[in-house]
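I opened the file to look up a pocket and some ring contacts. My notes follow in the order I made them.

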Amino acid sequence: MVASLLETILITNVVYGSRDLPPLPKWLKILVLKYLARLACMKKSCDKHFEANTSECTFYKNTMTDIPKTELVGASPVRVWEQCLDEMKKMSTDLLAIRHQVEEHFISCLVNMLRCEEGQSGPTYDSLQEVIDKKSFRPSVNLSTPTITNISFTLYAILGVNEKAQILTTFLWLRLYWFHEFLIWDPDACDSITKISLPVKDLWTPDIIVYEFVDDDVSQACPYVYVNHTGHIRYDRMLRLVSACNLQIFSFPFDIQNCSFTFGSYMHTIKDVRVSPALSFKEMTENSKRYLQASGEWELVFISGDADILKFGIDEWDIITFWVVIKRRPILYVVNLIIPSSFLMIIDILSFYLPPHSVDRSSFKMTLILGYTVFLLIMNDLLPSTANGTPLIGIYFSVCLAFMTISLLETVLITCVLHHNSMKYREVPHWVQVLVMRFIARIICYSFPEDPLAKLEGKQETNPWVVQPSESTSSQQTSTNASGSMTLDVPELRQISQDLREMNIYLSILRKEDHLQNQWCHVGYILDFLLFRIYLLIITGYALVIICMWCIWMNQ
């Protein structure tokens, strides 16, 4: 195609510029007009006056058809040649005059498209009506030139975020700029009028839409546009935008959302309408932060954007995507969710200090779990819910409830150890004594309290005022009774001796039971201290992980 274009340029230059070229060389005449003409099978069709000059046959024949026959009769070839040149000069002059008229008309259309009359401020009604009659056409003199539309907006309000439906509702001040090549006038001729307002329904407007729009447009429309004398049009409108947004709620309530607004033409491709930002993204961010009136729990971070081309099939659309980054204010959820949950967890941790052998700790923990469940049911409306994920705070509440259940199971286990085994007066197994009362007690630094009965026996052994029966006395009493010289049998003393013997047996049994019960109590206390410290360590580690993760997401 490029070669054919070059060939066309060469032939055009030879045909239309032949009079300015030097005479045709003889070798070129022979090569082209003789051999190449034969190869191309071109036939000679020349008058007898020009048979000697075959290269000019066709040209002169076509030219002489426009010259009257009376002028050709008896004329010499030189005369005919001069007449042909005169006709060509006249045609060239006429073509130049037509060209100047077209250029003047085009310039007048662009520079003084709208006429102004004396005594009237601004363009006339008739000139405006001529432009309005062209509403159905794109305002471009050359339809191959695309209309450039500049877009900017100011975020005025963040009305709501629906995490379940993945919808963001905002209110924008949208501003569009484009160039109308038929709305141009001279301010000096129009009483220095540089800007007028026209009904938007009477003018061509670009079909700019937001690709993420998912609801009916119920916003108030502005009926007028501002037209500058240079042809630039400014269209301001208020837009209640309900857009689809991929909301990430895993880090709720410390989440940051990044929603996109894609502006572009719906029907016009890149050959007809081009879009570009009217302001820098920094200026749009500053304007939005300055005029943001209603944001609720959300805070605008920044606005960024990028221009791109949307390809669908063989067509291409010019689009511009704005990313609106907003951050949630977490104070509401911290006060209503995290702090009450933390208080309940602290109460559950402190409940381990209740004495398990004298207080029904399990009832207290069951009441605490019931209260935590009611708390979760009440606060369920504040938690976002989506089908593609669960927020981290929901996992936090579930794990806290699981920890409280585990603490209740630990209390049940300790209660079983303290009461069930001790009431049966079973001996503590040897492996339990070695594992629990030696190794685990050393690990958790458990100190065994002193036995008051053993301490009392030690005092009795070292007390000088306690008289122990001697063997001589007992042998003397026995011998005396054996001789029979003197017998002493008192029933009251015998009954007292029997009662004391039974009391001694009963006290021995009680002391053994107390000893077994104390051993099981020590086993229960040691396990209780071990599980409590493990429980406290797990909760502390989990809380630190949650805090670190939230801090990392907040810094991001």
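Which residues lie nearest the centre of the second largest pocket? I found Ser 342, Tyr 396, Ile 539, Ala 543 and Ile 547 there, among the 18 residues that line this pocket. I note that the model is predicted.

**Entry: pocket**

I looked up the space in the second largest pocket and got about 330 Å³. I then asked which helices supply at least two residues each to the lining. They are α8 (331-350), α10 (392-423) and α14 (491-555). I recorded α14 as the element that gives the most to this lining, with 8 residues. I also sorted the lining residues by class: 16 are nonpolar, 2 are polar and none is charged.

**Entry: aromatic pairs**

My count of aromatic pairs came to 13. I took Tyr 156 and Trp 173 as one to inspect: their ring centres are 4.5 Å apart and their planes meet at 20°, so I logged the pair as stacked, the cut-off being under 30 degrees. This pair links distant parts of the chain, with Tyr 156 in strand β1 (residues 147-162) and Trp 173 in strand β2 (residues 167-179), 17 residues apart.

I went on to Phe 403 and Tyr 535, an edge-to-face pair with 5.9 Å from centre to centre and 80° between the planes. This pair too links distant parts of the chain: Phe 403 is in helix α10 and Tyr 535 is in helix α14, 132 residues apart. I noted that α10 and α14 are both among the helices that supply the pocket lining.

For burial I used the cut-off of under 20% relative accessible area. Phe 403 has 11% relative accessibility, so I counted Phe 403 as buried.

**Entry: cluster and charge**

Which residues do ring pairs link into a cluster? I listed Phe 153, Phe 261, Phe 263, Phe 281 and Phe 322.

Last, I looked for a charge over a ring. I found Lys 195 over the face of Tyr 226, at 4.7 Å from the ring centre.

How values were computed:
Residues are numbered from 1 along each chain as its sequence is written. This is a predicted model: local features need pLDDT of at least 70, side-chain atom pairs count only at pLDDT 80 or more; totals for chains, interfaces and linings use all residues. Side-chain values use heavy atoms; hydrogens and water are left out. On a 1 Å grid over the protein atoms alone, a cavity is a set of points where a 1.4 Å probe fits but cannot get out, and a pocket is an open set with protein on both sides within 12 Å along at least five of seven lines; lining residues have an atom within 4 Å of a point. Grid points are joined across faces, edges and corners, and a volume is the space filled by probe spheres set on the points. Helices (H or I, at least four residues) and strands (E, at least two) are DSSP runs, numbered from the N terminus. Ala, Val, Leu, Ile, Met, Phe, Trp, Tyr, Cys and Pro count as nonpolar, Asp, Glu, Lys and Arg as charged, and the others, Gly among them, as polar. Rings of Phe, Tyr and Trp (its six-membered ring) pair if their centres lie within 6.5 Å; planes under 30 degrees apart count as stacked, over 60 as edge-to-face and the rest as tilted. Buried means under 20% relative accessible area, exposed over 50%, partly exposed in between (1.4 Å probe, protein chains only). A charge sits over a ring if NZ of Lys or CZ of Arg is within 6 Å of the ring centre and within 35 degrees of the ring normal.
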